[in-house]
Amino acid sequence: MTDAADALGPAELRAWTAFLAAGHLLDHEIERQLKQDGGLSHAEFEVLVRLRGAAGGRLRMSDLAREVMISKSRLTYQITRLEQAGLVKRTGCESDRRSVWAELTEDGAATLDRVRPGHREVVREALIDVLTQAEIELLGDALTRVADRLRAR
């Protein structure tokens, strides 16, 4: 039985349901744009972005899983799909035979270049342009605190 004192208040419930709705709708728009412009899922796009930002365009699979915040098995699935498409390649790590590198290919970088303008447009139109600068800063601060708390668990 749920204690009524644990129930969310009206403002808390409104914030929670608005967060869920906005997150789902924004993710749907991003997914649509990425599929249309480059045949990518949102998760695949995030992998390519993290690899592009890494030194040498590559990361150890275990580090990449932490960066994109998905399980190692889910990452393996994403990397397999990206590798089949020629967008990443896996290579062995010379210094640690147990580790495998995921590396962005030229085709992967070109695909990322092709989808990024549309991605930025969706984020800007659906989120950034709807908020004031103060709201953007508040949202960034608030969600950073939430993410930090969850990562600490």
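Where is Met69 found? Met69 is in the loop between helix 3 (61-68) and helix 4.

## About the model

This is a predicted model, in which local features need pLDDT of at least 70, side-chain atom pairs count only at pLDDT 80 or more, and totals for chains, interfaces and linings use all residues. Residues are numbered from 1 along each chain as its sequence is written, and side-chain values use heavy atoms, leaving out hydrogens and water.

Helices are DSSP runs (H or I, at least four residues), numbered from the N terminus.

Met69 is not a glycine, yet its phi is positive, at about 60°. Its relative accessibility is 54%, so Met69 counts as exposed. The cut-offs are under 20% relative accessible area for buried, over 50% for exposed, and partly exposed in between (1.4 Å probe, protein chains only).

Gln78 sits in helix 4 (residues 72-84). Gln78 is buried because its relative accessible area is 2%. Beyond its neighbours within four places in sequence, Gln78 is in contact (heavy atoms within 4.5 Å) with Ser41, Ala43, Glu44 and Ile70.

## Aromatic rings

The whole structure holds 1 aromatic pair. Its partners are Trp16 and Phe19, which are stacked, with 6.0 Å centre to centre and 25° between the planes. Rings of Phe, Tyr and Trp (its six-membered ring) pair if their centres lie within 6.5 Å; planes under 30 degrees apart are stacked, over 60 edge-to-face, and the rest tilted.

Both residues belong to helix 1 (residues 10-38), 3 residues apart, about one turn of the helix. Trp16 is partly exposed at 44% relative accessibility. Phe19 is partly exposed at 45%.

Methods. Helices (H or I, at least four residues) and strands (E, at least two) are DSSP runs, numbered from the N terminus.
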